[in-house]
Amino acid sequence: MATDFVAQGQDLELLGIRKEFPGFVAVDDLDLKIPAGEFFALLGPSGCGKTTTLRMIAGLESPSAGKILLGGKDVTNTKPHERPVNTVFQNYALFPHMSVIENVAFGLRQRKVSEPLVQAKQALAMVELEHLGERKPQQLSGGQQQRVALARAMVNRPSLLLLDEPLGALDLKLRRQMQIELKAIQMEVGLTFLHVTHDQEEAMDMADTVAVMNQGHIEQMGAPEALYDRPKTAFVAKFLGQSNIFVGDVIDSGEVVSISYNQTKLSALQKRCEKTSGKVAFGVRPEKVEFHEEMPSESSGRNILGPGQITDIRFTGVSNQYQIEIPGVGEITVFAQNIGRSPVVELGATVWVSWKVEHSFGLSDLPTGTEIEE
Amino acid sequence: MTRFSLGKYLLPTYVALTFLFLMIPIGYTFVFSFNDSIKSNIIWRGFTFDNWLDVCSQAEVCTAFSNSILIAVSATAVSTVLGTMIAIALVRYRFKFRSATNLLLFLPLATPEVVMGAGLAAQFLDFGWPKGLPTVIIAHVMFTLSFVVVTVKARVATLDPALEEAGRDLYANPAQVFMKVTLPLLLPGILAAAMLAFALSFDDFIITQFNSGAVDTFPKFVYTAAARGIPPEANVIGSFVFIVAIAIVITVQVRASLKRKKLAK
Amino acid sequence: MAFVALGQSAPQKQQGPVKTGRIALVLLTPGLAYLGLFFITPLISLITTSLKAPSDSGLIGRYDFAFELGNYAFAIGQYAPQIFRSFTYALIATVVALLISYPIAYFIGVKARGKPLLQGLLLTLVIAPFFISFLLRTFAWKQIFSNDSFVVNFLKNIGIFGPDANIIGTDFAVVFGLVYNFIPFMTLPIYASLDRLDIRLVEAGGDLYANPATTFWKITFPLSLPGVISGTLLTFIPISGDYVVASRDFLGSSSTAMIGNVVETNFLRIQDYPTASALSVMLMATIVVMVSAYVRRSGTDDLL
């Protein structure tokens, strides 16, 4: 029923979008293509330009330069009310002087759709709130208001649905529950969703494609698994999960690229490297790192560092987080699952760490704070 | 222990006594509206409803009262519209000369009425405009405007801009957003401002005296009559206005408290 | 009420898009032009009128512009007692009104907090006098204090007053009437300040070993200062220009006349517009000096 209720989504394309505010550039020559029907997440820290990008797509801000295409049609200069785009606002922005059902019917009435109340009721049914239509928004809980906001936007069958941190005001448990529901609704209606968030877990959990935004541009875009497995920049490596990062000069490049990191040779596969000459940063995820109580034998396709001391152990339930201080190398984070396979070590124990060469990734830039000696 | 309980009852007692003091002239005016007076309404001569039942036996009182209503309604209409526009601009827009605008709006609030009254009268003399109903209304719009701006501005400041954006997002053009979202949400503030403007205009004496010429208003009538004694019909009108105003205030408060209770459920 | 709003600091700065330009101009122009035409230019008229001299025609009420600064010298020479009396009355009445109003505002804003019904009732009582013409209220006091009234007779009987004593027409009666009329104007802004006072600050004062009196003077009073300043301005300014209370038909006599009474007489009765205007200009100048000291303290955004 729900599928014939909402039209299909459309492609969204941003071409060289730029937004300048007095004194700073919020969005810097952004190119982006979101295919119809996709759940797309724009992820970034606050102030990275993601909300400004969303507001430009909605028509609430006009870009300083660039074009916005919706289903191939240029909508850059159209007003918000002329765009087939709807938004779920950050704090929902439900009209306090109207009942829930009138909120949902607002867009339908504006477009002079016949029988707006019937459609509004159907939309409320989809978010399981049909029994609360006569209430005022202030009488609903946060989660219920969130659903009303969703129904109010979706009932218009927009080509593109924009979600501006829609779950930000909910508590953790409700947020996780709404993530699942939101994803289910999107799959059911097949609309194009553009979801803006600063919560990496939320983005990875729901989206087909995630674009990580930083300082007005997109750092990297791709499927969540790909982004996690092969971050291309230091920002992505650190913003999405945690990473151990090592910077050194390339000493060997072929199918396997190696750097010299404090006299130790670290290697990565060339196809997992963005850069193969000069000063390069390599990274590895903490859960890919193992530790050993005795020095492991060289070679065997592993990078080895050590010996070092365990300086901190944190129990987080399914896994333990270890901090290991290796003299002359620095601090390394290791996650080990509590399934009895890793050796039991205590604070202060001497250990070596190692990981498979194919688990290393080479970044295109250096982490901020690295001095560049030329 | 005794000192503590003294402190506990001292303040409420003081507040109660002060309120009693504030109410004395109101009570006096109300009581003497029922005085069966013959010439002047100074000595109590017995209780009667006649003054209430036949207010217009003193034709001057009634004319003055209806003039006051006419002036207050006209001035309120104009100053509410102009003031609301300014209030929206002040909160929602950035523009040059902002400090100058704030100052221009503040000055009428900080100017003694006699200065505003005499200044406007001097200007009407310079222009050669005869004083009358139009000049009083002009004067009342002038001195109520800033009060409207202040009152509406407080309401605009609490209005979430995202609500208007949601309206635009949901296919309403700017005019429709204003009519369906902005205006209904500002309405309580605009109504409060209109009531305040009406009350200020209705009660104004000094500015009116300088700019009304031969037109009589209710406060002007009371001022003139004070020399020989104010007729009880004036007390009737004063008391009547008081009762209506208090009834409005109480209704508004009760409604607000019922709404709070309903929301709490 | 606007007086409450006036006591508050500027509302929070608006976030979101900041629009400028034509719409703002369209919204502002009519109202500001109106104030320009009927508030600012009248002040200029007042200044030019204050410099006029009697016209050559010799007709009463006819004056021509002459840059006659002598009008000011005349006004000061003739009306120095009234000018001095106006500001003295205004100062005393403001201080007394502040002393009476502060505890009321404190009770409504702090003690009655969390009891919306009581707060609403008390606020209604504070503004109740506004709903009945202040001329009628002032006249009621005149009757209550008139020579053969119960109050005066009582004071005579118990010997506080001599047989010829009276209240109406004295400095006391005028200041009393002024204080009475302006208590609400003083109470509301102070209430607005105290209502927003974070009670935890006072509790922190107690927690940090300050006794109640110290807590009041070091924490509560300084935080209510914006309201006290607004209330003081809202009381002092109108009182300094008032002429109803001091009028001989109400609570005053010829020996209590204030600037307002003189302006009224000169402008409306004997048509000496230049003298009336010169007095008004001097009154306005005094107020402007006072207010600009206030503006320098708090900036223009806090004005409204």
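1. The contact between chains A and B draws 17 residues from chain A and 16 residues from chain B; two residues are in contact if their C-beta atoms, placed from the backbone, lie within 7 Å. On the side of chain A that touches chain B, β6 (85-88) and α3 (100-110) are the elements giving two or more residues. The largest share, three residues, comes from α3(A). Helices (H or I, at least four residues) and strands (E, at least two) are DSSP runs, numbered from the N terminus.

2. By class, that side of chain A has seven nonpolar, nine polar and one charged residues. Ala, Val, Leu, Ile, Met, Phe, Trp, Tyr, Cys and Pro count as nonpolar, Asp, Glu, Lys and Arg as charged, and the others, Gly among them, as polar.

3. This is a predicted model: local features need pLDDT of at least 70 and side-chain atom pairs count only at pLDDT 80 or more, while totals for chains, interfaces and linings use all residues. Residues are numbered from 1 along each chain as its sequence is written, and chains are lettered from A and ligands numbered from 1 in the order in which they are written.

4. In chain A, strands β17 (residues 319-326) and β18 (residues 330-337) run antiparallel, joined by eight bridges; strands pair if DSSP finds at least two bridges between them. A:N320 has A:A336 in β18(A) as its bridge partner. Three residues lie between the strands of this hairpin, where A:G328 takes a positive phi near 80 degrees.

5. Chain C has twelve helices and two strands. Its C-alpha trace spans about 75 × 70 × 35 Å along the principal axes.
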